[in-house]
Amino acid sequence: MMPRRLLLVCSVMCCAGMVWSAVLIAGLLAGVRMLPSALAVGVAAFLTVPGAIAGVIGNRWYYRTTRPRRAWSLTSWVPPHVPHWVSMLAGVVFFGFWLAVVVAFAGLDGNAEMLNGQYVISHNGRITVIDQSGYERQLALEQQISLGVLGAIAVGGTFMTWAVLTHHAAPEPTHTQSAGMPLA
């Protein structure tokens with residue numbers, strides 16, 4: 001089993017990664033690129049990935065589930081002791097990050113780069129010269145995609161680590177729930 005302090009640290013890191021990504025995406029949507037992509041995405045990954053891994057491993061150990069208790073019911077993936085409003089809130093925040101990724105993908109025109117001292121976009125072998133503002137816009141969209149994906153992972157990591165941390169206070173599952181019970 002995972003130590004509770006480790007899970008708590010991972011949960012806090014995931015939550016911080018989620019907030020970090022959300023603040024930077026909000027800045028990008030407002031037209032302000034606060035940090036270079038390598039730093040912004042690197043910090044988001046550092047905060048998010050360990051907690052998401054801990055959440056997946058912790059949920060697998062505690063609940064021993066490989067499939068939902070009921071087919072095609074998203075709430076059946078939620079551990080039995082977690083209130084449904086929490087899972088719905090996590091779903092809404094996850095959707096917000098997903099929407100940020102979709103919006104950024106829609107705005108991309110290709111791969112922005114510097115070529116022979118000029119700002120260019122390459123797309124399917126075609127190179128188009130652009131100005132510096134177009135170049136910066138493309139870089140901001142690429143950063144938004146990365147932060148959106150990491151933010152969505154952070155939502156899942158925060159939810160899963162929180163579920164494991166609150167497991168001790170949960171009532172025992174009934175025979176119809178799969179938590180801790182072998183699946184047929």
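A polar contact is taken here as a pair of N or O atoms within 3.5 Å, where within protein one atom must be able to donate a hydrogen and the other to accept it, and where residues adjacent in sequence count only if both atoms are side-chain atoms. The structure is a predicted model, in which local features need pLDDT of at least 70 and side-chain atom pairs count only at pLDDT 80 or more, whereas totals for chains, interfaces and linings use all residues. Residues are numbered from 1 along each chain as its sequence is written, and side-chain values use heavy atoms, with hydrogens and water left out.

The predictor's confidence in each residue, pLDDT, runs from 0 to 100; its mean over the chain is 83, and 82% of the residues reach 70 or more. Helices (H or I, at least four residues) and strands (E, at least two) are DSSP runs, numbered from the N terminus. Confidence is highest in helix α1 (residues 4-29), at a mean of 92, and lowest in strand β1 (residues 111-115), at 84.

Helix α1 comprises 26 residues and reaches 37 Å from its first C-alpha to its last, close to the 38 Å expected at 1.5 Å a residue, the expected span being 1.5 Å times one less than the number of residues. Residues are called buried under 20% relative accessible area, exposed over 50%, and partly exposed in between (1.4 Å probe, protein chains only). Among the buried residues of α1 are L7, C10, S11, C14 and G17, and just after this helix G31 takes a positive phi of about 95°.

Two of these buried residues are cysteines, C10 with a relative accessible area of 6% and C14 with 0%.

Residue T161 is found in helix α4 (residues 132-165) and is buried, with a relative accessible area of 0%. A polar atom of its side chain lies 2.8 Å from the backbone oxygen of G157. Leaving aside neighbours within four places in sequence, T161 is in contact (heavy atoms within 4.5 Å) with L7, C10, S11, G51, A54, G55 and N59. In helix α3 (residues 84-107) lies L99, which is partly exposed at a relative accessible area of 39%; the C-alpha atoms of L99 and G148, 49 residues apart along the chain, are separated by 8.3 Å.

Strands β2 (residues 118-123) and β3 run antiparallel and are joined by five bridges, two strands being paired if DSSP finds at least two bridges between them.

Most residues other than glycine have a negative phi. N116, in the loop between β1 and β2, has a positive phi of about 55° although it is not a glycine, and counts as exposed at 76% relative accessibility. N124, placed in the loop between β2 and β3, likewise has a positive phi, near 55°, and counts as exposed at 75% relative accessibility.
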